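Hi there,

Here is the structure I promised to pass on to you.

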Amino acid sequence: MSVISPLVLGFQGTEFSPAQLQAFKEINPYALMVMRRNVSSRAQITRLNAQFREAVGREDAVITTDQEGGRIQHLEGPDWPVYPIYAQFNALIKKDFSLAKATMRRASRALASDMANAGFNANCGPVLDLAFSGASEVISDRSFGEDAEVVAQMGEQIIAGFMESGVIPMMKHIPGHGRAMEDSHKTRPIVNTALAQLDKSDFAPFQKLKHCPWAMVSHVVYSACDSLPATISQPLICDVIRNRIGYAGVLICDCVYMQSLQGPIEDRCQQVQQAGVDLVLSCHGEADEWYQWNDKLQPLDAVSLQRLSFAEQQMSETKLNLDSNPAATMRDVWALLRDA
């Protein structure tokens with residue numbers, strides 16, 4: 001097998017250009033990131049997903065998107081069911097927590113089965129960030145609230161539903177974005193809370209669900225550990241995520257184009273890898289830029305490959321339970337949420 005790059009690449013357009021396909025063949029990125037702008041229909045994106053796998057020569061190459069539900073649903077339109085955002089479960093959680101968890105499991109299995117039918121085998125979720133009053137709106141309704149135990153138990157159902165559908169879950173945004181007062185897409189948020197307090201709150205869902213195969217790292221600064229954002233902070237990756245939280249799975253960074261990071265994109269990519277993050281995500285860029293970024297990176301090393309292999313093993317050991325009719329399931333789910 002040829003050397004595999006740690007890059008996870010997003011692209012422009014709804015069809016691959018010859019230059020993009022050639023770059024996929026030569027760079028061999030580990031995975032493809034699909035965004036809303038890339039999708040015009042189910043048939044079209046299913047075809048593109050197959051083309052990517054053919055270009056890199058790996059039938060099981062990872063293809064992912066952001067499909068949380070609500071305002072974060074990149075597979076949308078008449079070909080796709082509408083999925084709820086997490087806060088829409090809150091009334092049912094208060095009314096009947098057991099039913100809420102079972103309903104979340106069904107909805108997540110339906111969502112992931114729907115993705116799998118179009119050639120996706122990973123999803124950027126669940127969101128395990130807590131929601132804090134007065135914090136940045138970037139998380140807000142994408143969270144189950146401020147109770148770390150509720151967030152963990154609901155997140156556990158999402159992880160299970162995804163895995164039952166053959167879709168890799170990646171919990172985010174480890175070690176927690178919910179307390180940030182600013183949006184890391186636009187600026188560099190700084191959380192000044194003591195680590196002992198974060199252990200009891202923000203870190204707790206990630207610690208409870210540390211068996212999740214993948215996790216996406218936030219671009220938030222945790223000043224009790226380092227002055228750099230988590231994605232480019234070796235102390236944060238090693239001391240907090242790997243040791244304090246105890247997460248041993250695959251780490252992927254949030255998009256390197258987000259403004260919490262600074263400098264040329266190729267330098268951001270290199271900083272992410274040097275901090276100890278396994279996979280480097282860029283949701284944007286052109287084929288000629290991909291070569292520049294890849295030149296600054298080392299191929300996936302033995303440790304990262306071992307983590308990726310273990311994640312594959314976790315997925316292969318999960319009994320598949322695909323939803324044969326996601327749209328019908330979601331009609332039932334929406335009825336339960338309305339009745340709550």
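First, some ground rules. This is a predicted model, in which local features need pLDDT of at least 70 and side-chain atom pairs count only at pLDDT 80 or more, while totals for chains, interfaces and linings use all residues. Residues are numbered from 1 along each chain as its sequence is written, and side-chain values use heavy atoms, with hydrogens and water left out.

**The strands around S7**

Strands of a sheet pair through backbone hydrogen bonds, either parallel or antiparallel. I call two strands paired if DSSP finds at least two bridges between them.

Strand S6 (residues 122–123) pairs with S7 in the parallel sense over two bridges. You can find alanine 122 opposite isoleucine 168 of S7, and asparagine 123 opposite proline 169 of S7. S7 is also joined to strand S9 (residues 214–217) by four bridges, and these two run parallel. There, methionine 170 stands opposite tryptophan 214 of S9.

How many of the residues of S7 are buried? Seven of its seven are, so to read that you need the cut-offs: buried means under 20% relative accessible area, exposed over 50%, and partly exposed in between (1.4 Å probe, protein chains only).

S6, helix H5 (residues 148–164) and S7 also make a right-handed β-α-β unit. Right-handed means that, with the strands pointing away from the viewer, the path from the first strand over the helix to the second runs clockwise.

**The strands around S2**

Strand S2 (residues 29–34) is mostly covered too, with six of its six residues buried. Three bridges join S2 to strand S1 (residues 5–9), and the two run parallel; serine 5 stands opposite proline 29 of S2. S1, helix H1 (residues 18–27) and S2 make a right-handed β-α-β unit. From S2 the chain then crosses through helix H2 (residues 42–56) to S3, in another β-α-β crossover that is right-handed. S2 and S3 pair in the parallel sense over four bridges, with leucine 32 opposite isoleucine 63 of S3.

**Salt bridges**

Side chains of opposite charge can pair when their charged atoms come close. A salt bridge is a side-chain nitrogen of Lys or Arg within 4 Å of a carboxyl oxygen of Asp or Glu, and the structure holds 16 of them.

One of them joins the side chains of aspartate 66 and lysine 172 (2.8 Å, N to O). Aspartate 66 lies in the loop between strand S3 (62–65) and strand S4 (67–69), and lysine 172 in strand S7, so this pair ties together parts that are 106 residues apart in sequence. Both aspartate 66 and lysine 172 are buried.

Another salt bridge joins the side chains of glutamate 149 and lysine 208 (3.3 Å, N to O). Glutamate 149 is in helix H5 and lysine 208 in helix H7 (residues 204–208), 59 residues apart. Glutamate 149 counts as partly exposed at 34% relative accessibility, and lysine 208 counts as partly exposed at 44%.

**Aspartate 183**

Here is a residue to look up yourself. Aspartate 183 lies in the loop between strand S7 (168–174) and strand S8 (190–191).

Aspartate 183 does have a polar contact of 2.8 Å with histidine 185, side chain to side chain. A polar contact is a pair of N or O atoms within 3.5 Å; within protein, one must be able to donate a hydrogen and the other to accept it, and residues adjacent in sequence count only if both atoms are side-chain atoms. Leaving out residues up to four places away in sequence, aspartate 183 touches Ser136, Val138 and Pro189, where contact means heavy atoms within 4.5 Å.

Enjoy exploring!
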